[in-house]
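Please read them with the structure open beside the text.

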Amino acid sequence: MTEPDAAASGPQPSTRKISILGCTGSIGTQTLDVVARFPERLEVVALAGGRNVDLLIRQAREFRPSLVSVAAPEEVERVRRELADPAIRVVSGLEGLGEVASVPADLLIGALVGSLGLEPVVSALQAGNDVALANKEVLVTAGPLVLDQASRSGAKLRPLDSEHVAIAQCLAGHPLEAVRRIWLTASGGPFRQASPAEMAQATPEQALAHPNWDMGPKITIDSATLMNKAFEVIEARWLFDLSPERIGVIVHPESIIHSLVEFSDGSWLSQLGTPDMRIPIAYTLGLPERLPLPDLPPLDLVALGALHFEAPDPKRFPALRLVEEVLHLGGTAPALLNAANEVAVQAFLQGELPFPGIAQAAEAVLEREPILPGLELDEVRDADLRGRRAAHDWIRECNP
Ligand code: MG
């Protein structure tokens, strides 16, 4: 008869402290959307935003973190003044990203864009903070270094990419030896059915119109070239310790099956859901429990009627060929590919490069730049700089 309530409900889970790098971007705002639903379970301790300072201020007012970082140092005073809260420390720049990453937290959401996220993620792991990684360029450029850092500090690295969260759910409780292959699904992007001639004429507006997912501009262009899927292969290679031959890509235009695992006995497991990043975000924030999201539109398989699958086309989407090449080359090759791609995507968005030029720039940089075997932080940084410089040079040569 003693303590019936406690016995019925069990021990109450404690509040989980969350920090976010990239809080004003697509993943950042969707993470805060989930956090706001569970004020007893989730607490924001640090936020790093970019150039959207007004949104960052609104977020800081709502979630009251103890630390806020803004990109530009000249904005620090304004943020301090508008927050008018001595309990919130305001920092800036690359140093600020490192501080947000290292504040003691149960989970850091790594949602910056590009290789900019590498050093703060390494800082977080060094500080012993678990990291959920949406910023796939971090693993693309420096997978072995990041894993090594995690194993040294004992911090956990979790995926925060819909495909990899799906794979993690399917793999749970199974030995890796029982896995024949994993299959990453790809929507195929806006040019899935486009001819090479149409792709040569594609505008940034067309490339930014993703059929299923609402994401930031860099990842949306990467989805149109399938470079995003190529990077996800590298991401999976490190996250799940699978050789590249055991990672397949299959086009699935509806984006309902988020990925699949094929086991050695011929069984397959997959994870399904509506294409809404709040679902994998809530899974990651709630682990090992499921956080309910009752107001999200339910998956209606009958209304969908059918799901479709196609083989990807490496001729129109050379990113799929380039990923095999860089995984085979190893060392700094993936960092070069990533750097060239970041520069080429920007050039395409600014009208300086046609759509097929993005993959061509990456290919040219891989041909021109020496590939070094080492993967220390300064070697990755150096490859990143060289890759960017070589990509700028190549683009200039195309626009004499
Ligand atoms: Mg993805």
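The points below concern a predicted model, and they take up a helix and then a contact between domains.

1. E163 lies in helix 8, which spans residues 162-171, and with a relative accessibility of 7% it counts as buried, because the cut-off is under 20%. Apart from neighbours within four places in sequence, E163 is in contact with L184, T185, K229, E232, H258 and S259.

2. Helix 8 is largely enclosed by the rest of the structure, because 9 of its 10 residues are buried; among them are H164, I167 and C170. The buried residues pack against several elements, including strand 8 (179-186), helix 12 (227-239) and strand 10 (257-263). After helix 8 comes G173, with a positive phi near 85 degrees.

3. The domain assignment of the chain gives domain 1 (6-160), domain 2 (163-274 + 297-314) and domain 3 (330-400). Between domain 1 and domain 3, whose C-alpha centres are 28 Å apart, the contact draws on 10 residues from domain 1 and 11 residues from domain 3.

4. About 860 Å² is buried between domain 1 and domain 3, with 64% of it on carbon and sulfur atoms. On the domain 1 side, E119, T141 and L145 lose the most area to domain 3, together accounting for 48% of what that side buries.

5. The count between these two domains is 1 salt bridge and 4 residue pairs in polar contact. The side chains of R381 and E119 meet in a salt bridge at 2.8 Å, N to O.

6. Helix 7 (137-153) and helix 6 (118-126) each supply at least two residues of the side of domain 1 that touches domain 3, and helix 7 gives the most, with 6 residues. That side divides into 5 nonpolar, 3 polar and 2 charged residues.

Technical notes
Residues are numbered from 1 along each chain as its sequence is written. This is a predicted model: local features need pLDDT of at least 70, side-chain atom pairs count only at pLDDT 80 or more; totals for chains, interfaces and linings use all residues. Side-chain values use heavy atoms; hydrogens and water are left out. Helices (H or I, at least four residues) and strands (E, at least two) are DSSP runs, numbered from the N terminus. Buried means under 20% relative accessible area, exposed over 50%, partly exposed in between (1.4 Å probe, protein chains only). Contact means heavy atoms within 4.5 Å. Domain bounds come from an automatic or database domain assignment. Buried area is the accessible area (1.4 Å probe) that two parts lose on being put together, summed over both. A salt bridge is a side-chain nitrogen of Lys or Arg within 4 Å of a carboxyl oxygen of Asp or Glu. A polar contact is a pair of N or O atoms within 3.5 Å; within protein, one must be able to donate a hydrogen and the other to accept it, and residues adjacent in sequence count only if both atoms are side-chain atoms. Ala, Val, Leu, Ile, Met, Phe, Trp, Tyr, Cys and Pro count as nonpolar, Asp, Glu, Lys and Arg as charged, and the others, Gly among them, as polar.
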